[in-house]
Amino acid sequence: MLGIILIGLVVVLLGSAVKVIRQQRVGVVERLGKFRRTLDPGPHLLIPVFDKVRHNLDMRETVVPFPPQGVITEDNLMVSIDSVIYFQVIDPVRAAYEAQNYIQAIEQLTQTTLRNIIGGMDLERTLVSRDEINGRLRLVLDEATGKWGIKVNRVELRSIEPPPTIRDAMEKQTRAERDKRAAILMAEGQRQAQILSAGGEKESAILRAQGDREAAVLRAQAERQSQMLKAEGEAQAITTVFNAIHAGQPDQALLSYQYLQMLPNIAKGDANKVWVIPAEIGKALEGLGGAVSSAASAIPSAAKGEFTPPEKVDVQAEIERQNAIEAEKAAATVQKAIDEAQQLEKPLRPGAGSPAIAPAAAHQPPAEPAPQFAPPPGQPETETENQPGQ
């Protein structure tokens with residue numbers, strides 16, 4: 001029995017003498033209650049009963065979230081702030097002996113520092129100054145935890161929640177700002193649309209005015225040409241009738257007969273209530289009666305001249321001739337443009353300048369005399385102004 005007890009004691013002593021430290025951890029060894037040394041990762045041999053691993057510290061970066069806490073701002077509003085601390089143990093001896101519970105100490109230090117920082121800011125600045133708060137909080141914590149052998153790497157504020165009434169007011173304010181921007185953008189869009197519409201209407205009015213002016217000019221030119229052609233036709237008709245009458249040598253009887261034929265035309269019209277007979281009707285009837293008496297008495301009247309019909313004027317032929325002249329001029333203009341283009345396309349000879357372009361006069365067709373209306377026989381020739389397009 002004694003041998004078995006001795007063997008058990010040896011096994012227990014050997015088990016307590018051998019200590020294995022895991023990777024990224026450091027063991028703090030005390031001998032008889034006093035710090036002796038630190039153990040790196042791996043197996044280590046200790047003196048049983050005398051040496052003991054009092055602390056086994058994790059050297060990795062640790063993330064510790066702190067619960068939300070109420071903080072009063074400068075404008076006396078309570079906000080709830082939720083924070084996260086990223087720290088790492090860099091000196092295991094100080095971390096083991098300088099602070100009793102360094103995590104709890106960091107939490108309390110964070111709360112007091114946040115109260116000091118947020119107490120000097122109003123709510124709006126607090127909501128938009130997260131980076132500033134994080135930086136100031138990290139500097140204070142890093143300075144305070146340096147003597148504990150701890151390095152604070154980062155401090156983040158996860159959320160800043162104002163009271164519900166303040167959130168409601170902020171939402172209304174934000175909505176009002178967005179409505180304001182939307183109204184401004186809509187007004188600006190309407191302004192731009194009205195400016196563009198006014199510009200379009202102005203250009204349209206200018207174009208319409210130019211079109212009306214050109215149309216009026218064209219109508220005036222057409223009216224002028226029409227009046228000229230009508231006047232020319234009436235002149236030819238009057239000349240033809242006048243020459244025919246003079247060639248026929250009418251007597252008093254014919255004139256009286258023509259006068260009587262015009263009387264019904266005088267009486268035409270719905271507004272004619274009274275028909276006034278001219279005073280010359282008697283003389284016309286006397287002339288007509290004399291002519292009838294001469295015919296009844298079988299007294300022949302000798303003809304004093306022979307009627308020669310005037311030369312007929314073909315208006316359609318004149319129009320076709322003018323159209324042919326205009327078409328010939330247009331073809332000559334097109335041929336001139338083609339010749340000039342071909343001349344420009346010819347390659348330049350070495351040492352030669354730019355290709356010579358034939359003068360415009362070389363390609364123009366010979367000017368043809370303007371068409372004139374031949375006056376009837378017996379009428380002196382008069383110059384008639386004919387212009388292109390008239």
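Arg 125 is partly exposed, with a relative accessible area of 38%. Its side chain meets that of Glu 132 in a salt bridge, at 3.1 Å from N to O, and Glu 132 also counts as partly exposed, at 33% relative accessibility. Keep in mind as you look around that this is a predicted model.

**The overall picture**

- The protein has 390 residues, and 20% of them count as buried.
- Its secondary structure comes to 10 helices and 8 strands.
- Among contacts with a separation of 6 or more, 65% are between residues 24 or more positions apart.

- Which residue does Asp 51 meet in a salt bridge? The partner is Arg 31, and the N to O distance is 2.5 Å.
- Asp 51 lies in strand 5 (residues 51-58) and Arg 31 in strand 2 (residues 25-31), so this pair ties together parts that are 20 residues apart in sequence.
- The two partners can be told apart by their cover: Asp 51 counts as buried at 9% relative accessibility, whereas Arg 31 is partly exposed at 28%.
- Arg 158 and Asp 82 also meet through their side chains in a salt bridge, at 2.7 Å from N to O.
- That pair links distant parts of the chain, with Arg 158 in strand 8 (residues 150-161) and Asp 82 in strand 7, 76 residues apart.
- Arg 25, Asp 58 and Arg 60 are linked in a network of salt bridges.

**A closer look at Asp 82**

- Is Asp 82 buried or exposed? Asp 82 is buried, because its relative accessible area is 10% and buried means under 20%.
- Leaving aside residues up to four places away in sequence, Asp 82 touches Phe 66, Pro 67, Pro 68, Glu 156, Leu 157, Arg 158 and Ser 159.

**Patches on the surface**

- Negative charge gathers in a surface patch made of Glu 74, Asp 75, Asp 122 and Glu 124.
- Asp 75, one of these residues, sits in the loop between strand 6 (62-72) and strand 7 (78-89) and is partly exposed, at 36% relative accessible area.
- Met 1, Leu 2, Ile 4, Ile 5, Leu 6 and Leu 9 make a nonpolar surface patch of about 700 Å².
- Leu 6 is found in helix 1 (residues 2-17) and is partly exposed, with a relative accessible area of 48%.

How values were computed
Residues are numbered from 1 along each chain as its sequence is written. This is a predicted model: local features need pLDDT of at least 70, side-chain atom pairs count only at pLDDT 80 or more; totals for chains, interfaces and linings use all residues. Side-chain values use heavy atoms; hydrogens and water are left out. Patches are made of residues with over 30% relative accessible area and no salt bridge: like charges are joined within 9 Å, nonpolar side chains (Val, Leu, Ile, Met, Phe, Trp, Tyr) within 5 Å. Accessible areas come from the Shrake-Rupley method with a 1.4 Å probe; for residues, only the protein chains shown count as cover. A salt bridge is a side-chain nitrogen of Lys or Arg within 4 Å of a carboxyl oxygen of Asp or Glu. Lys and Arg count as positive and Asp and Glu as negative; His and the chain ends are not counted. The place of a charge is taken as NZ of Lys, CZ of Arg, CG of Asp or CD of Glu. Helices (H or I, at least four residues) and strands (E, at least two) are DSSP runs, numbered from the N terminus. Buried means under 20% relative accessible area, exposed over 50%, partly exposed in between (1.4 Å probe, protein chains only). Contact means heavy atoms within 4.5 Å.
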